[in-house]
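Please look at the sequence and the structure shown below, and then follow the report chain by chain. It ends with the place where the chains touch.

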Amino acid sequence: MSAKTILAVDDSATMREMIFQSLSEIGYRVVLAVDGVDALDKLQSEAAPSVIITDINMPRMNGIALIDRLRREGPNRTTPILVLSTETDADWKAQAKQAGATGWITKPFNPERIADAIRKVSM
Amino acid sequence: MFNQSLPPEVLGPIKVIFFQECDELLSSLESGLEALKQGSADPEIVNMVFRAVHSIKGSAANFEYVRLARFSHSLEAVLSDLRAEKLGASAALLEDLLLASDVLAELVEEARGGKATDSGKTDEVLKILAGYIGRQAGEAGSQRSPQAEGKEGGDLRAWRIDFRPEASLYRSANDPLLLFRELSRLGELKLELDDGDIPGLAELEPDQAYLSWTGLLRSFQPEQAIWDVFEFVAGDCHLNITPSMTGGLKEPSQKAGHAGSDIAPSADARSNRVIRVDLDRVDKLFNLVEELLVQQTTFNHVAGKRLAPEVQPVYAEFRRLSKEIQEGLLAIRSQPLKPVFQRMARLVRQLEQATGKSVNFAATGGDAEVDRSVLERLAEPLTHLIRNAIDHGLENPEEREGLGKPASGTITLSAYQRFGRIVLEISDDGRGIDRERILSTAISRGLVGPDEHLSGQDVESLIFRPGFSTAPTVSEISGRGVGMDVVNKCVRALGGRISMNSQKGVGTTFLLSLPLTLALLEGIVVGAGGGRFIVPIASLRETLQLRAGDIRSIGDVKVIRYRDRYIPLVGLAAILGYPQMGGIQNSIGIVVEDDLGTRIAIAVEEVFEQQQIVVKEIQGAYQADHGVSAATVLGDGHVALILDINGIVERQKQSAECVRVYGKTSDERISL
């Protein structure tokens with residue numbers, strides 16, 4: 001079986017690097033995108049990911065808008081999407097859920113929790 | 001994985017906490033296993049043992065201590081089966097678990113940056129553990145992974161789970177199947193699907209939810225772990241989780257009101273009453289209180305007698321409180337001996353293996369508390385003594401049986417407080433110490449003259465002398481150079497004394513008497529050569545007013561008569577290289593005794609009061625050759641040096657002139 005692909009969307013290079021390092025290490029293939037627009041591009045060109053992990057606050061297209069877009073149409077309607085965010089207000093969770101997020105991971109970054117969450121939402 | 005995501009400055013302190021915790025967990029692991037070995041069937045002990053390993057595993061994985069994590073994972077798997085009663089607590093299993101706990105302790109040391117472990121041994125024990133996991137029925141063992149087990153640790157309980165997803169659950173790409181997979185990681189899951197709500201094809205809406213499930217979960221996990229599975233779908237389903245009393249499952253073993261916590265109630269209550277404090281903070285506070293006491297003594301010195309009568313009771317109260325604060329802080333620094341005792345138990349097991357000798361080890365008094373400064377330095381002398389006892393003291397099983405002794409030797413370690421000191425007794429029922437052999441060895445090493453007459457006790461004390469070792473061959477266990485002189489040195493460095501009592505063929509007992517703390521010392525202040533010095537009370541025998549007629553000379557050595565013997569008299573100023581004020585005549589003789597019982601008299605010019613002093617270590621090498629061990633600050637603000645009586649006596653004994661005195665004073669009186 002080939003490695004599961006994870007699409008990670010974050011505007012912070014550090015976060016992208018940390019996600020990349022920690023998920024690659026445990027055997028995932030990681031595709032990175034810098035924001036929602038970039039993510040949509042990558043989804044066009046790359047193999048369908050098993051899970052999408054996205055930040056909320058991003059330029060051009062934020063995480064909520066990305067989820068909303070993916071859930072409305074196309075092949076990723078049923079792709080699990082995990083929201084990774086530092087937002088502390090309860091509001092973002094509700095918004096993300098409303099838009100169709102599958103689950104969430106709250107920063108600070110804890111690689112183990114990301115791995116756990118991926119396991120929880122994907123086959 | 002934690003490692004990559006956290007900077008070292010964040011990680012460092014977390015690791016410190018981790019290792020502290022490891023020490024505690026290893027202790028409870030070991031005492032738990034010992035209790036099980038003694039036949040305890042308390043399920044809480046099994047749980048405690050399991051939790052200890054589980055916690056170590058969890059944290060070790062975070063910090064990428066791969067070997068430690070891997071090993072603790074295997075050990076945990078076996079303990080998990082023991083807890084689930086898939087494995088019986090056989091004597092053989094417990095032996096193997098104790099062995100594994102030793103390896104675990106070594107791996108923790110390795111992770112801490114200590115000695116690398118013997119990977120051959122680790123692998124061997126891993127193989128033994130794997131054997132146990134392989135033995136059980138079914139395939140549950142092969143599916144284990146650290147993550148699969150999550151935060152286990154409670155009792156086995158059964159839960160009924162009623163779950164009806166709403167359409168929004170499916171819309172957010174959640175999947176009941178995945179939730180069930182998560183649930184089955186927590187334990188054993190039985191599911192029943194209710195599809196009675198599915199309408200006819202004509203009415204069926206593909207976006208709607210029609211199915212519901214009833215699950216029965218048997219799990220060691222706390223209830224929260226079950227709710228956590230549904231974390232992402234909390235608003236997208238009807239969910240009910242209730243304890244199940246039926247279903248043919250083992251009844252929950254806990255008392256009502258204890259809601260599935262993974263910690264026993266008593267342990268819980270206790271942990272709430274314990275706080276972890278960085279030792280540096282305590283030490284800093286302790287130093288401040290020391291300063292306070294010095295200032296207070298100074299105050300007393302300067303103004304104590306001039307205080308107005310109405311102020312005096314207030315001042316007395318102030319002094320009393322300062323003293324209590326000091327004592328309270330000492331109590332905070334105090335720790336029970338138990339961890340050291342447990343370390344010794346581990347050592348005994350390792351030595352049993354290495355020597356092929358069988359040893360019953362019993363330790364009592366582990367609850368006695370000593371200052372951590374003492375505790376930290378206790379392990380070394382105890383290790384030497386126990387190694388010696390097993391290596392040299394105990395006979396081989398065959399030899400023992402031949403002598404009519406039980407094949408297993410017995411070593412006991414006990415501790416108790418006496419006269420404000422802690423006394424440790426290490427006894428074995430081995431071959432005892434052969435005085436003839438000690439004497440002949442000492443003579444062959446030139447430690448005593450061939451025609452010297454020594455009492456039995458004097459002969460025994462020879463083994464504490466440097467350069468003495470009776471082991472005919474150097475065994476792997478005692479190691480080269482680990483003689484009793486090393487033990488003696490350790491004990492003396494702690495301000496303690498060691499003595500030995502041995503009967504040939506019956507056994508040997510070592511007695512260590514140590515101060516409860518190294519931070520405080522009772523001493524008398526003396527003056528010599530214009531300086532002030534402290535003579536520790538523990539070494540002091542008597543003070544004598546010297547008169548010219550009391551002092552005799554043997555060659556160049558001055559001696560005085562003390563209790564029907566002659567002992568050397570040396571001027572303190574001379575010892576320390578201070579100017580001698582006046583002659584040694586008309587001075588005061590302080591009779592002191594070193595840890596071996598050798599007495600000398602030290603001539604000083606003045607003797608002041610006895611007081612409790614706060615020991616301040618002297619930095620650098622000054623003390624080494626100068627008969628001084630540490631310093632203190634006196635009430636009047638002067639610094640006083642604390643005399644190292646052992647060192648002073650040792651030097652006097654070694655000086656050529658004194659040999660003549662000591663050679664004869666032991667049993668014979670010198671006739672002058």
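Predicted model: local features only at pLDDT ≥ 70, side-chain atom pairs only at ≥ 80, totals over all residues.

Chain A has 123 residues, of which 41% are buried. When contacts in chain A between residues at least 6 apart in sequence are considered, 62% of them join residues at least 24 apart.

Chain B contains an open sheet of four strands, which pair in the antiparallel sense and lie in the order S2-S3-S1-S4. Strand S2 and strand S4 of chain B are the edge strands, each of them pairing on one side only. Neighbouring strands of this sheet are turned against each other by 15 degrees on average, if direction is ignored. In general, the strands of a sheet pair through backbone hydrogen bonds, and the pairing may be parallel or antiparallel. Strand S1 of chain B, residues 157-165, pairs with strand S3 of chain B, residues 212-219, in the antiparallel sense over seven bridges. Within this part of the sheet, B:Phe163 has B:Trp213 in S3(B) as its bridge partner.

Further along chain B, helix H12 (residues 279-303) and helix H13 (residues 312-333) have axes that come within 10 Å and cross at roughly 155 degrees. Because an angle over 145 degrees counts as roughly antiparallel, H12(B) is therefore roughly antiparallel to H13(B). The crossing in which H12(B) passes H13(B) is left-handed. Among the residues that meet here are B:Val282, B:Leu285 and B:Phe286 from H12(B), and B:Ile325, B:Leu329 and B:Ile332 from H13(B).

The chains also touch each other, and this contact takes 19 residues from chain A and 12 residues from chain B. On the side of chain B that touches chain A, the elements that give two or more residues are helix H1 (2-5) and helix H9 (176-186) of chain B. The table sets out the classes of residue for this side of chain B and for the contact between the two helices described above.

| Contact | Nonpolar | Polar | Charged |
|---|---|---|---|
| H12(B) with H13(B) | nine residues | three residues | two residues |
| Side of chain B that touches chain A | four residues | six residues | two residues |

How values were computed:
Residues numbered from 1 in each chain as written. Chains lettered and ligands numbered in written order. Axes fitted to C-alpha atoms, helices over the stretch in contact; angles between N-to-C directions. Parallel < 35°, antiparallel > 145°, perpendicular 65-115°, else oblique. Left-handed = near helix turned anticlockwise from the far one by under 90°. Contact = placed C-beta atoms within 7 Å. Nonpolar A, V, L, I, M, F, W, Y, C, P; charged D, E, K, R; others polar. Buried ≥ 20, exposed ≤ 12 C-beta atoms within 10 Å, placed from the backbone. Pairing = 2+ DSSP bridges.
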